[in-house]
Amino acid sequence: MDNVGSILEVHMGANFKRLDPLLQKVHVGSVRLQGTVEVKRGGVLARFICSIFRFPHENPSSKLRVDCEHSRDAMVWKRNFDGLKMESNFRKQGVYLVECLGPLAMSFKAIETNGALEYQFIKTKMFGIPIPAILSPQVEAMESEVDGKYCFSVKVKMFFIGMVISYGGTLDVI
(Lines give C-alpha, C1' and ligand atoms only; values in the text may rest on other atoms or scores of the structure.)
Protein backbone atom coordinates (compact mmCIF):
# COMPACT_ATOMS: atom_id res chain seq x y z
CA MET A 1 0.00 0.00 0.00
CA ASP A 2 1.05 3.58 -0.59
CA ASN A 3 2.87 4.94 2.50
CA VAL A 4 2.27 8.60 1.57
CA GLY A 5 -0.63 9.98 3.56
CA SER A 6 -3.57 7.93 4.74
CA ILE A 7 -7.29 7.62 4.23
CA LEU A 8 -7.78 9.02 7.74
CA GLU A 9 -5.68 12.07 6.85
CA VAL A 10 -7.73 12.57 3.67
CA HIS A 11 -10.99 12.14 5.64
CA MET A 12 -10.02 14.49 8.50
CA GLY A 13 -8.12 17.12 6.53
CA ALA A 14 -6.17 19.61 8.69
CA ASN A 15 -7.64 18.11 11.89
CA PHE A 16 -5.47 15.01 11.36
CA LYS A 17 -2.41 17.10 12.33
CA ARG A 18 -4.13 18.00 15.63
CA LEU A 19 -4.12 14.34 16.71
CA ASP A 20 -1.48 13.26 19.23
CA PRO A 21 1.74 12.37 17.35
CA LEU A 22 1.44 8.67 18.22
CA LEU A 23 -2.07 8.52 16.71
CA GLN A 24 -0.79 10.16 13.54
CA LYS A 25 2.01 7.57 13.37
CA VAL A 26 -0.40 4.66 13.92
CA HIS A 27 -2.55 5.84 10.96
CA VAL A 28 0.14 6.12 8.28
CA GLY A 29 1.90 3.31 6.41
CA SER A 30 2.39 -0.15 7.95
CA VAL A 31 2.15 -0.43 11.73
CA ARG A 32 1.87 -3.26 14.25
CA LEU A 33 0.19 -2.82 17.63
CA GLN A 34 0.47 -5.42 20.35
CA GLY A 35 -0.56 -5.92 23.95
CA THR A 36 -3.16 -7.23 26.35
CA VAL A 37 -6.75 -5.96 26.30
CA GLU A 38 -10.03 -6.70 28.04
CA VAL A 39 -12.89 -8.18 26.01
CA LYS A 40 -16.43 -8.27 27.43
CA ARG A 41 -19.58 -9.71 25.90
CA GLY A 42 -23.15 -8.92 26.91
CA GLY A 43 -26.00 -11.31 27.76
CA VAL A 44 -27.29 -14.40 25.97
CA LEU A 45 -28.51 -12.62 22.81
CA ALA A 46 -25.32 -10.57 22.65
CA ARG A 47 -23.17 -13.70 22.92
CA PHE A 48 -25.19 -15.29 20.11
CA ILE A 49 -24.61 -12.22 17.89
CA CYS A 50 -20.90 -12.26 18.76
CA SER A 51 -20.67 -15.92 17.75
CA ILE A 52 -22.42 -15.32 14.42
CA PHE A 53 -20.08 -12.46 13.52
CA ARG A 54 -16.99 -14.25 14.93
CA PHE A 55 -16.24 -11.49 17.41
CA PRO A 56 -13.58 -12.19 20.06
CA HIS A 57 -14.35 -14.27 23.15
CA GLU A 58 -14.75 -12.67 26.55
CA ASN A 59 -11.38 -12.50 28.25
CA PRO A 60 -10.10 -10.01 30.86
CA SER A 61 -6.55 -10.40 29.48
CA SER A 62 -6.81 -11.17 25.77
CA LYS A 63 -3.57 -11.03 23.77
CA LEU A 64 -4.16 -8.71 20.82
CA ARG A 65 -1.99 -8.05 17.79
CA VAL A 66 -3.14 -5.60 15.13
CA ASP A 67 -1.40 -5.32 11.76
CA CYS A 68 -2.39 -2.03 10.11
CA GLU A 69 -1.95 -0.97 6.50
CA HIS A 70 -2.82 2.57 5.44
CA SER A 71 -2.96 4.29 2.07
CA ARG A 72 -4.79 7.33 0.75
CA ASP A 73 -7.64 5.06 -0.44
CA ALA A 74 -7.93 2.37 2.22
CA MET A 75 -7.13 1.27 5.72
CA VAL A 76 -6.93 -2.42 6.65
CA TRP A 77 -6.73 -3.50 10.28
CA LYS A 78 -6.06 -7.21 10.85
CA ARG A 79 -6.77 -8.02 14.49
CA ASN A 80 -5.74 -11.26 16.19
CA PHE A 81 -7.40 -11.82 19.58
CA ASP A 82 -5.85 -14.96 21.14
CA GLY A 83 -5.75 -16.61 17.69
CA LEU A 84 -9.20 -15.41 16.55
CA LYS A 85 -8.75 -13.20 13.49
CA MET A 86 -10.99 -10.22 12.74
CA GLU A 87 -10.27 -7.97 9.76
CA SER A 88 -11.75 -4.54 8.99
CA ASN A 89 -11.41 -2.68 5.72
CA PHE A 90 -12.04 1.06 5.73
CA ARG A 91 -12.77 3.24 2.72
CA LYS A 92 -13.95 6.80 2.20
CA GLN A 93 -17.50 7.23 0.93
CA GLY A 94 -18.56 10.87 0.55
CA VAL A 95 -18.10 12.57 3.92
CA TYR A 96 -17.94 9.24 5.79
CA LEU A 97 -15.31 6.70 6.66
CA VAL A 98 -16.91 3.28 6.12
CA GLU A 99 -15.69 0.23 8.02
CA CYS A 100 -16.53 -3.08 6.37
CA LEU A 101 -16.54 -6.05 8.71
CA GLY A 102 -17.97 -9.08 6.93
CA PRO A 103 -21.47 -8.19 5.69
CA LEU A 104 -21.60 -5.03 7.85
CA ALA A 105 -20.71 -1.57 6.53
CA MET A 106 -20.63 1.01 9.33
CA SER A 107 -20.33 4.71 8.49
CA PHE A 108 -18.41 7.05 10.79
CA LYS A 109 -16.96 10.52 10.97
CA ALA A 110 -13.52 10.73 12.56
CA ILE A 111 -13.29 13.64 14.99
CA GLU A 112 -10.28 15.04 16.85
CA THR A 113 -10.90 16.10 20.45
CA ASN A 114 -7.95 17.37 22.51
CA GLY A 115 -5.55 15.21 20.47
CA ALA A 116 -7.67 12.08 20.83
CA LEU A 117 -9.61 10.42 18.00
CA GLU A 118 -13.31 9.64 18.25
CA TYR A 119 -15.27 7.76 15.63
CA GLN A 120 -18.75 9.27 15.54
CA PHE A 121 -21.13 6.50 14.45
CA ILE A 122 -23.65 7.47 11.75
CA LYS A 123 -25.35 4.41 10.20
CA THR A 124 -25.05 0.72 9.31
CA LYS A 125 -25.79 -1.35 6.23
CA MET A 126 -25.88 -5.13 6.08
CA PHE A 127 -25.30 -6.74 2.68
CA GLY A 128 -25.69 -3.20 1.26
CA ILE A 129 -29.17 -2.72 2.77
CA PRO A 130 -29.62 0.15 5.28
CA ILE A 131 -30.54 -1.04 8.77
CA PRO A 132 -33.17 1.12 10.55
CA ALA A 133 -31.57 3.06 13.41
CA ILE A 134 -33.60 1.22 16.06
CA LEU A 135 -32.21 -2.14 14.86
CA SER A 136 -28.71 -0.92 14.07
CA PRO A 137 -25.77 -1.51 16.37
CA GLN A 138 -24.56 1.68 18.03
CA VAL A 139 -20.78 1.91 18.09
CA GLU A 140 -18.64 4.03 20.41
CA ALA A 141 -14.97 4.00 19.47
CA MET A 142 -12.07 6.18 20.52
CA GLU A 143 -8.28 6.23 20.43
CA SER A 144 -5.81 8.24 22.48
CA GLU A 145 -2.19 8.38 23.54
CA VAL A 146 -1.39 7.82 27.20
CA ASP A 147 2.22 7.80 28.42
CA GLY A 148 3.51 7.07 24.91
CA LYS A 149 1.18 4.11 24.38
CA TYR A 150 -1.80 3.61 22.09
CA CYS A 151 -5.04 3.39 24.11
CA PHE A 152 -8.39 2.49 22.63
CA SER A 153 -11.93 1.54 23.49
CA VAL A 154 -14.68 0.01 21.34
CA LYS A 155 -18.25 -0.55 22.61
CA VAL A 156 -21.12 -1.97 20.58
CA LYS A 157 -24.68 -1.70 21.90
CA MET A 158 -28.08 -2.56 20.46
CA PHE A 159 -31.59 -1.52 21.41
CA PHE A 160 -33.35 -4.26 23.44
CA ILE A 161 -30.04 -6.13 23.85
CA GLY A 162 -27.79 -3.59 25.56
CA MET A 163 -24.06 -4.15 25.37
CA VAL A 164 -23.12 -6.64 22.65
CA ILE A 165 -19.34 -6.44 22.99
CA SER A 166 -16.68 -4.09 24.27
CA TYR A 167 -12.94 -4.30 24.08
CA GLY A 168 -10.10 -1.99 24.79
CA GLY A 169 -6.85 -1.38 26.52
CA THR A 170 -3.32 -0.18 25.92
CA LEU A 171 -1.08 -1.42 23.12
CA ASP A 172 2.56 -0.94 22.25
CA VAL A 173 3.49 0.31 18.78
CA ILE A 174 5.93 -2.29 17.43
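Arg79 is buried, with a relative accessible area of 9%; buried means under 20%, exposed over 50% and partly exposed in between, using a 1.4 Å probe and protein chains only. The side chain of Arg79 meets that of Glu99 in a salt bridge, 3.6 Å from N to O. Glu99 also counts as buried, at 11% relative accessibility. This is a predicted model: local features need pLDDT of at least 70, side-chain atom pairs count only at pLDDT 80 or more, and totals for chains, interfaces and linings use all residues. Residues are numbered from 1 along each chain as its sequence is written, and side-chain values use heavy atoms, with hydrogens and water left out.

**Salt bridges**

- Seven salt bridges turn up in a search of the whole structure; each is a side-chain nitrogen of Lys or Arg within 4 Å of a carboxyl oxygen of Asp or Glu.
- In the pair of Arg79 and Glu99, Arg79 sits in strand E3 (residues 75-81) and Glu99 in strand E5 (residues 96-101), so the bridge ties together parts that are 20 residues apart in sequence.
- Helices (H or I, at least four residues) and strands (E, at least two) are DSSP runs, numbered from the N terminus.
- Asp67 bridges to Arg65, with the closest N and O atoms 3.3 Å apart.
- Asp67 is partly exposed at 22% relative accessibility, and Arg65 is partly exposed at 31%.
- A network of salt bridges links Arg32, Arg65 and Asp67.
- Lys17 and Glu9 also form a salt bridge, at 3.6 Å from N to O.
- Lys17 is exposed, with a relative accessible area of 56%, whereas Glu9 is partly exposed at 22%.

**Largest pocket**

- The largest pocket holds about 580 Å³ of space.
- A pocket here is an open set of points on a 1 Å grid over the protein atoms alone, where a 1.4 Å probe fits, with protein on both sides within 12 Å along at least five of seven lines.
- Grid points are joined across faces, edges and corners, and the volume is the space filled by probe spheres set on them.
- The lining has 36 residues, and Glu99, Met106, Val154, Val156 and Tyr167 lie nearest the centre; a lining residue has an atom within 4 Å of a point.
- Strand E10 (residues 149-158) gives the largest share of this lining, six residues.
- By class, the lining has 32 nonpolar, one polar and three charged residues.
- Nonpolar covers Ala, Val, Leu, Ile, Met, Phe, Trp, Tyr, Cys and Pro; charged covers Asp, Glu, Lys and Arg; the others, Gly among them, are polar.

**Aromatic pairs**

- The whole structure has eight aromatic pairs.
- Rings of Phe, Tyr and Trp (its six-membered ring) pair if their centres lie within 6.5 Å; planes under 30 degrees apart are stacked, over 60 edge-to-face, and the rest tilted.
- Tyr150 and Phe152 are stacked, at 5.8 Å centre to centre and 25° between the planes.
- Both Tyr150 and Phe152 are buried.
- Phe159 and Phe160 are tilted, at 4.1 Å centre to centre and 55° between the planes.
- Phe159 is partly exposed at 48% relative accessible area, and Phe160 is exposed at 73%.
- One aromatic cluster takes in Trp77, Phe81, Tyr150, Phe152 and Tyr167.

**Helix H3**

- Ala46, Ile49 and Cys50 are the buried residues of helix H3 (residues 44-52).
- Seen down the axis of H3, these buried residues fall within an arc of 100°, so they line one face of the helix; the arc is that of the directions from the helix axis to the C-beta atoms.
- Val44, Leu45, Phe48 and Ile52 are exposed on the other side of H3.
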